[in-house]
Amino acid sequence: MTDDKTHPVAWICMAIGLCLYGMALFHHQRESLQQSDFFTGGLPPSAQKALAGPFAGAAADLNLLGVFSIYEGIRRQPADNNALWHKLHARLLAAQELDPWFWDVYRLAVGLMAFRKQGTSAAVDLLSKGAAARTWDWEMPFMAGYLAHEFLHDDKRAAVLMSEAVKRPNAPPLAIGLASQFFNASEGPEASIRFLRYLRASMPAEYRAVIDARITHMEQAKVKKAHP
């Protein structure tokens, strides 16, 4: 007779198997974005955490797989996709709550959301949560601070985040120098451009196009200001 104590693990494994099967089906069906509802609706993060138990990391991975599927839907439906962006954000939030130390959650938050108008604020919130969890990581609060300054124009929040970043172990001189320059109006956009180039070098190639576009925009604005 099977020990009753194994039943919860069996149910979890079955649930994970069903999720993987559902994702395989999704990738073979392209007729309608409605077919992604199987794993874009999702359970609340707290419910997922309770269900996953010791397998929280695997549940976070499943949410990130959902993120990729939703983003593919956004690429195929470039207009009227606010609902999909909300679903993508919900999946990242769920993954973050399940595994707050998981670097890929924050990499995707920056690569997919941070430089888009509808995603910047959400990306800053996620990075701020990541900074609270990853106490050894200076990049997380620094990146959040940069985005808050440059795109949200929230210098009060940016100052708190950047100040936290430069106090952390191994924060390089680059971070300290840039943080001091962000709030010096006489510096203009140069500090922001330098940081974007630094950020670009640390991101996967597939996420660089939107950063390149932002650098180009800032450089053109700088030239236009110098030669009206």
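1. Of the protein's 228 residues, 40% count as buried, buried meaning under 20% relative accessible area, exposed over 50% and partly exposed in between, with a 1.4 Å probe and protein chains only. The model is predicted, so local features need pLDDT of at least 70 and side-chain atom pairs count only at pLDDT 80 or more, while totals for chains, interfaces and linings use all residues. Residues are numbered from 1 along each chain as its sequence is written, and side-chain values use heavy atoms, with hydrogens and water left out.

2. On overall make-up, the secondary structure comes to twelve helices and zero strands. Along the sequence the pattern is α-α-α-α-α-α-α-α-α-α-α-α. Helices (H or I, at least four residues) and strands (E, at least two) are DSSP runs, numbered from the N terminus.

3. The protein exposes about 12600 Å², and carbon and sulfur atoms supply 60% of that area. Accessible areas come from the Shrake-Rupley method with a 1.4 Å probe; for residues, only the protein chains shown count as cover. Among contacts between residues at least 6 apart in sequence, 62% join residues at least 24 apart. Contact here means heavy atoms within 4.5 Å.

4. Next, the helix pairs. Two packed helices are described by the angle between their axes and the distance between the axes. Axes are lines fitted to C-alpha atoms, for helices over the stretch in contact, and angles run from 0 to 180 degrees between N-to-C directions. Angles under 35 degrees count as roughly parallel, over 145 as roughly antiparallel, 65 to 115 as roughly perpendicular and the rest as oblique.

5. Helix H4 (residues 56-76) and helix H5 (residues 82-98) cross at roughly 165 degrees, and their axes come within 8 Å. H4 is therefore roughly antiparallel to H5. Their crossing is left-handed, a term used if the near helix is turned anticlockwise from the far one by less than a right angle, right-handed being clockwise. From H4 the contact takes in Ala56, Ala59, Ala60, Asn63, Leu64, Val67, Ile70, Tyr71, Gly73 and Ile74, which meet Leu84, Trp85, Lys87, Leu88, Arg91, Leu92, Ala94, Ala95 and Leu98 of H5. By class, the residues of this contact are 15 nonpolar, two polar and two charged. Ala, Val, Leu, Ile, Met, Phe, Trp, Tyr, Cys and Pro count as nonpolar, Asp, Glu, Lys and Arg as charged, and the others, Gly among them, as polar.

6. H5 also packs with helix H7 (residues 120-133), at an angle of about 5 degrees and with the axes 11 Å apart. H5 is therefore roughly parallel to H7. On the H5 side are His89, Leu92, Leu93 and Gln96, and on the H7 side Ala122, Leu126, Lys129 and Gly130. The residues of the contact divide into four nonpolar, three polar and one charged.

7. Helix H8 (residues 139-150) packs with helix H11 (residues 190-202) at about 135 degrees, the axes lying 12 Å apart. That angle makes H8 oblique to H11. H8 passes H11 in a left-handed crossing. Glu139, Phe142, Met143, Tyr146 and Glu150 of H8 make the contact with Ser192, Phe195, Leu196, Tyr198 and Leu199 of H11. Seven of the contact residues are nonpolar, one is polar and two are charged.

8. Leaving aside neighbours within four places in sequence, Leu108 is in contact with Leu64, Val67, Phe68, Leu92, Met113 and Tyr207. Leu108 and Phe68 are 40 residues apart in sequence and 9.4 Å apart in space, C-alpha to C-alpha.

9. Asp80, in the loop between H4 and H5, has a positive phi of about 55 degrees although it is not a glycine. Asp80 counts as exposed, at 76% relative accessibility. His153, in the loop between H8 and helix H9 (155-167), has a positive phi of about 55 degrees and is likewise not a glycine. His153 counts as exposed at 64% relative accessibility.

10. Asp154 also lies in the loop between H8 and H9. With a relative accessible area of 30%, Asp154 is partly exposed. Not counting residues up to four places away in sequence, Asp154 touches Ala148 and His149.
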